[in-house]
Amino acid sequence: MGVALSITAFPVLARILAELKLLTTDVGRMAMSAAAVNDIAAWILLALAIALSGTGRSPLVSIWVFLCGSGFVILCIFLVPPVFKQLAKRCPQGEPVDEIYICATLAAVLAAGFVTDAIGIHALFGAFILGVLVPKEGPFSGALVEKVEDLVSGLFLPLYFVSSGLKTNVATIQGAQSWGLLALVIFTACFGKIVGTVVVSLLCKIPLKEALTLGFLMNTKGLVELIVLNIGKDRGVLNDQAFAIMVLMALFTTFITTPIVVTIYKPARMARSDYKHKTIQRKESQTQLRLLTCFNSSRNIPSLINLIEASRGTGKREGVLRVYAMHLMELSERSSAIRMAHKARKNGMPFWNRVKDSDPTQIIVAFEAFQHLSQVSVRPTTAISSMSSMHIDICNSATKKKVAMIILPFHKHQRVDGSFETSRVGLRHVNKRVLEHAPCSVGIFVDRGLGGTCQVAASNVDYNITVFFFGGRDDREAASYGRVMAEHPGIHLDVVCFVVGPGVGGDSVRVDIGGGDESRSADEVFIAEFESKVSKDNGSIRFKEFEVSGASEAVEVMRRYNRSNLIIVGRVAEGELVEALKGRSECPELGAVANLLIGSPEFTASVLVVQQFCGQLTGDSLRTLKQGDAPEAEGESDSH
């Protein structure tokens with residue numbers, strides 16, 4: 001019973017922390033680390049309890065079982081890791097894992113269970129020891145989890161819980177004495193775990209609120225306790241009444257964890273924090289620029305790194321750009337607890353603090369190489385959440401890091417034939433919610449291979465970047481970002497400003513949306529300042545003004561720049577010319593100009609769609625986010 005009362009359920013705790021968005025916080029990391037140690041200690045205590053729980057046999061047998069079990073553990077520690085390291089080396093990143101390695105691992109698990117069962121310890125103990133020693137890095141562990149987890153979590157685990165439920169006879173708890181015993185067991189379990197954790201936390205100078213949260217989190221029970229209770233019942237240590245009391249205690253302590261943690265320690269919400277630089281457009285052009293770049297796969301990493309390289313501006317000011325690279329990991333019902341904990345452990349850690357071969361993935365290697373070769377500070381971070389609430393993690397991280405712009409991946413990727421195919425359906429929902437709730441400016445990066453399929457060295461950067469300026473705050477932000485990029489010695493910037501001539505929408509109809517006279521005045525001031533700075537520039541920026549009398553003329557002017565490497569546009573441009581450009585669009589949240597650029601085969605450049613922070617969205621900025629909310633079919637393909 002002592003073992004059962006002291007256990008913390010590691011997988012259950014991982015799921016609770018992930019759903020409360022505490023997995024990547026300090027409290028979450030401490031709870032996961034403590035739970036992992038607790039889990040190992042629980043299995044050791046379980047093995048010891050089984051060895052000593054035999055009835056009707058000599059004490060020497062228990063000592064023999066204990067010594068044999070200890071010898072088995074020591075032998076595994078020395079023999080198993082080298083073997084699995086060799087297996088992991090034979091499974092390179094990006095290639096499928098050979099089935100023979102998976103079969104050999106599963107056979108080893110069965111063999112370890114057979115050995116511990118023969119020794120006199122439960123078979124689960126041998127499987128657990130082998131699982132602990134399997135390396136958690138690289139594609140081998142991922143393939144092993146993928147092969148095994150569906151069968152175990154979807155079939156074996158529910159059956160085990162059903163079996164435990166059938167053994168639980170709540171009717172045996174009768175009378176005041178039995179119910180009093182239940183209350184006493186629950187009190188003892190909660191008091192010992194919570195008070196013990198709080199006292200140790202306070203001694204380690206952890207604030208009281210966090211200490212209480214840790215106490216209730218560590219009080220979570222789950223599968224391992226059921227295993228202990230079932231073994232106790234099978235060996236006659238627990239009768240039906242004691243078994244039922246212990247199962248009800250486990251259910252009660254687990255059920256109270258989430259509501260109490262939510263009450264004591266508020267989970268991540270849409271935090272709002274006032275900080276100075278929330279946009280790229282600013283008066284102090286020499287101040288540090290902070291970006292939060294998000295990615296959900298390794299497909300667009302080269303282009304994303306090339307975009308970061310273009311954003312660092314001049315190389316004369318070290319530390320002028322700080323980038324937080326956020327890996328968007330979807331939390332699904334299949335997410336492995338140990339892999340979630342592994343990602344959370346690495347969250348926010350600088351690259352140079354890691355062991356060299358600790359995570360040989362393409363993403364880490366690419367960002368690490370870029371950081372060493374450039375003057376850009378890159379700090380990795382991870383968002384582990386469901387797609388329905390991923391935007392909260394992104395916005396909270398942007399607030400915490402005080403970034404000026406969030407750069408999001410487009411929810412579609414380009415195929416070989418040039419058409420777009422949906423990468424992940426939920427990513428579009430994430431982008432829309434971030435655009436609506438972001439605490440800073442936002443950019444959506446439509447990748448068409450900026451710089452090719454590999455990272456371009458700073459000395460080899462030679463990009464032509466174009467900004468189409470129609471008017472409005474989003475266009476001003478786009479031009480400001482373009483000017484930052486133009487500081488890079490390998491970048492040439494063209495700013496194309498469209499001036500409305502007669503005939504747009506007809507002589508008798510004058511459509512004006514957005515900010516009206518105030519917006520036009522802000523545009524005029526911005527253009528005047530921009531032209532004055534261009535005149536002082538070394539020639540990397542070319543400002544051109546075109547007077548057009550209709551949408552067709554504007555499109556014709558835009559076609560002249562279809563050889564650009566990157567085109568930057570505002571999400572919601574203002575003016576009657578943009579109104580004339582509007583038509584049917586697959587992605588209304590990108591705005592009329594961006595839909596024209598990604599929907600026409602004539603344009604092959606990558607596109608960065610920019611929205612400037614303005615507090616609360618209104619008008620077209622908000623209306624376009626509400627359009628096209630019908631769910632897209634998985635694997636949808638659009639030939640534009």
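Is F468 buried or exposed?

1. F468 is buried, because its relative accessibility is 0% (buried means under 20% relative accessible area, exposed over 50%, partly exposed in between, with a 1.4 Å probe and protein chains only). The model is predicted, with local features needing pLDDT of at least 70, side-chain atom pairs counting only at pLDDT 80 or more, and totals for chains, interfaces and linings using all residues. Residues are numbered from 1 along each chain as its sequence is written, and side-chain values use heavy atoms, leaving out hydrogens and water.

2. The structure holds 9 aromatic pairs (rings of Phe, Tyr and Trp, the last by its six-membered ring, with centres within 6.5 Å; planes under 30 degrees apart are stacked, over 60 edge-to-face, the rest tilted). F468 and Y561 are edge-to-face, because their planes stand at 75 degrees, with 6.2 Å between ring centres. F468 is in strand β8 (residues 463-469) and Y561 in the loop between α20 (551-559) and β11 (566-570), so the pair ties together parts 93 residues apart in sequence (helices, H or I of at least four residues, and strands, E of at least two, are DSSP runs numbered from the N terminus). Y561 is also buried, at 10% relative accessibility.

3. A tilted pair is formed by F530 and F543, at 6.1 Å centre to centre and 45 degrees between planes. Helix α19 (residues 516-535) holds F530 and strand β10 (residues 541-548) holds F543, so this pair ties together parts 13 residues apart in sequence. F530 is buried at 2%, and F543 is buried at 19%.

4. Ring pairs join F468, F470, F498 and Y561 in a cluster.
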